[in-house]
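This report goes through selected local features of one protein model. Please look at the sequence and the structure first.

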Amino acid sequence: MNAICNVIAAQKPEQKRPAARGVALIFTLLILALLMVLSLGMVIALSSQTFIGGYYRNFRGAFYSADSGLNISRQAMVNKILSLVPVTTALGSQPLGTAAPGTVQTYINTTYNAWTSIGGGQATNSWPGQFEISPSNTATFTFANCQPTFTPSGTPPAGGPYTCASPPPAASTCSAAAGLLTNCYVVSNFQYTYNYTLDVLGEVKGNEQSELAENGSVQINVNISPPSGVTTTASFAAWGMFIDQYTLCDGSSLVNGTISGPVFTNGAWNFNTGSYIFTDKVGQHGAQAGAAMSSCHPTATLPYTNSGQTVSPTFQNGFTPGMNAVTPPSNSFNQKWASLDGRGQGEVNSTPLNTDFIASNMRNPAQTLWPVGGASNGVYMPYSTLPVGSCSVAPCMTGGGIYVKGSAAVTMSAVTVNISGTNHSQQVFTIVNNGNTTTVTIDLTSSKTTFAQQGGSTVTINGVPSNLNNSPPTEATMLYVDGAITSLAGTGSASVQDHSAVTITANGDITITGNITYGTKPVTTTQNQIPGTPPDTLIPGSDLGQVLGIFTANGNINLHVPSSGQNLEIDASIAAISATGTGGLINTGNSINTLNIVGGRIQSDIYNIGSTTRNVYFDRRFASNNFAPPWFPSTQITTVPAGVETSTVTAPAINRVQWVCKSCQQ
């Protein structure tokens, strides 16, 4: 059987398989085609990316070319306007005339009216960027405003209002009066502001261009310095606030609030982000002010913004940096002399008072002359036991006030007494020196002075202390303490009598322990006290010659109230200032709730006044008519009677208001 099966199997024909030739080739061709498509896609994508990258590279290059063009054009504007400031300026005219902005505008448009290379073409591989002023939007440079600053400050002479184009007339002569001068006005600074617009095209290569535009303002301060001139005297009372030394960005800042009257520092003001209102001109010697934020930023222009914070004081009459420094008084010799001779040696004396001269002219209430060998303490006045001049009945007043040797406590009061049916206005000084109490009563009605020592002698002197510089002489009292004033305060409802002019000076510290007030206030101290007027408005009919000055050149003016949280009012121009720069207003006692000063605040440096609220109401009588406390410290100001002035320019300030990418908006 097996053999039969094997024969049958051997005889079965072989079956054929289906044809498979060419399939591998087809697959190979398909794969090759796919690879070609992918390669072509990659080439196209890479070429597009390269093209797009090149386009954006050129576009960004054009953008940066335009931005560089803006910076170059703006700086060219600034350089051109600065080049137009003359070295000298004719007296009574402004340094930059009305043609200046047109000159700058023409210069910019003609200089950059064609493609200008950014790289300058100075090197083979320099950047190929270039820019031009847009032909359809040419640059503009126009006058906005100009603010002149007067020296001395105050009310200009009749004929105003005065502008940069029409400044006040130059004075040919100047008087050396004690107060602020009104006949010697010259301009010390011109602050120009110009507005500008710029539209710049930038290009690198090809047709890719970018267009940028901006507008803003340029501020130029032109200081006028006289090469020579006439030296005049101006009282420090002419400032509402004067700080000799204030260091730029020293870590402190000026207390916020409203400050009236002219304000000046020989240093630089530091302002914080709080609220300030300055009603009068604000100046400083430093070229920059400090914008005190989380850190302090020096700046020549205000407002100033950084990291979302803004320092923006309100200057109602302008802010001028870079002004000439003001020389502080070197000593109190004038005041010491004035207590004796009624002149202060013409208010320009620099010689210490001679002891022998005191010995022959000063007497105590017992009519005893100052000891020849000198005195260690005591209260003296200048009067003669013989008739003198127009005084036919002795004793006769011969000088300007009261001289106290040694430290003392002083109390002031304004009283009215009835004598034989007539009311007499009196200014009273009570002086405690070395345990002895002396009272000086100046009767303004009878022109007599009573000089009395408690438990001792009393003398009635014909005449009152007077300022003999005036013609005719006027009532004025210099109380000079050759030591410290350990306590100064007023008593009763008023401390300074109407028609009484007083200056109190010490050779050391002056400590104020209580209110010192005028019988009649000369200015308002609240808004709308006179309807529609701000504080510091002169009250009609209230200028009765009442005035008080408090001055030390060798110490501080200390505030030392007996009770914590009480208010304190001082109606006076207060000065703690000297050439050594160590004096200031400082709290040495309890905290003060509200400190009101009706007058002014002048000091060498800033100290803590320990007050919750501080108000300084400037006595606007000090701003004109040569009015000031008698023999108050003064400074020398030089004015020019004729000729030319020297012009100098502080660093210009640029304020970019708007920047626009025009091509980015397309």
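Predicted model: local features only at pLDDT ≥ 70, side-chain atom pairs only at ≥ 80, totals over all residues.

## Second largest pocket

The second largest pocket holds about 410 Å³ of space.

Rolling a probe the size of a water molecule over the atoms shows where empty space is left.

A search of the whole structure gives 10 salt bridges. One of them joins R74 and E214, with 2.8 Å between the closest N and O atoms. R74 belongs to helix α2 (residues 23-83) and E214 to strand β6 (residues 209-225), so this pair ties together parts that lie 140 residues apart in sequence. Both ends are enclosed: R74 is buried, and E214 is buried as well.

Side chains of opposite charge can pair when their charged atoms come close.

## Salt bridges of K521

Which side chains meet K521 in a salt bridge at 2.8 Å and at 3.3 Å, N to O? At 2.8 Å the partner is E569. This pair links distant parts of the chain, since K521 sits in the loop between β34 (510-512) and β35 (547-552) and E569 in strand β37 (residues 566-570), 48 residues apart. At 3.3 Å, N to O, the partner of K521 is D571. That pair also links distant parts of the chain: D571 is in the loop between β37 and β38 (573-576), 50 residues from K521.

Buried or partly exposed: how does each of these residues count? K521 has a relative accessibility of 25% and therefore counts as partly exposed. E569 counts as buried because its relative accessibility is 18%, where the cut-off for buried is under 20%. D571, at 0% relative accessibility, counts as buried.

## Surroundings of C391

C391 is located in the loop between β21 (378-384) and β22 (396-397). With a relative accessible area of 16%, C391 is buried. Apart from neighbours within four places in sequence, the residues in contact with C391 are C396 and N462. The C-alpha atoms of C391 and G463 are 7.8 Å apart in space, while the two residues are 72 apart in sequence.

## Helix α4

Helix α4 (residues 333-341) is largely enclosed by the rest of the structure, because 8 of its 9 residues are buried. The buried residues are N334, Q335, K336, W337, A338, S339, L340 and D341. Just after α4 comes G342, which has a positive phi of about 70 degrees.

## Nonpolar surface patch

L25, L29, I31, L32, L34, L35 and L38 make up a nonpolar surface patch of about 690 Å². L25, one of these residues, lies in helix α2. Its relative accessibility of 55% places L25 among exposed residues, the cut-off for exposed being over 50%. Helix α2 thus holds both L25 and R74; L25 counts as exposed, whereas R74 is buried.

Technical notes
Residues numbered from 1 in each chain as written. Heavy atoms only, no water. Salt bridge = Lys/Arg side-chain N within 4 Å of Asp/Glu carboxyl O. Helix = DSSP H or I, 4+ residues; strand = E, 2+ residues; numbered from the N terminus. Buried < 20%, exposed > 50% of the residue type's maximum accessible area, 1.4 Å probe, protein only. Contact = heavy atoms within 4.5 Å. Patch = residues over 30% accessible without salt bridge, like charges linked within 9 Å, V, L, I, M, F, W, Y side chains within 5 Å. Areas by Shrake-Rupley, 256 points an atom, 1.4 Å probe, with all protein chains shown as cover. 1 Å grid on protein atoms, 1.4 Å probe; cavity = no way out; pocket = protein on both sides within 12 Å on 5 of 7 lines; lining within 4 Å. Points joined across faces, edges and corners; volume = space filled by probe spheres on them.
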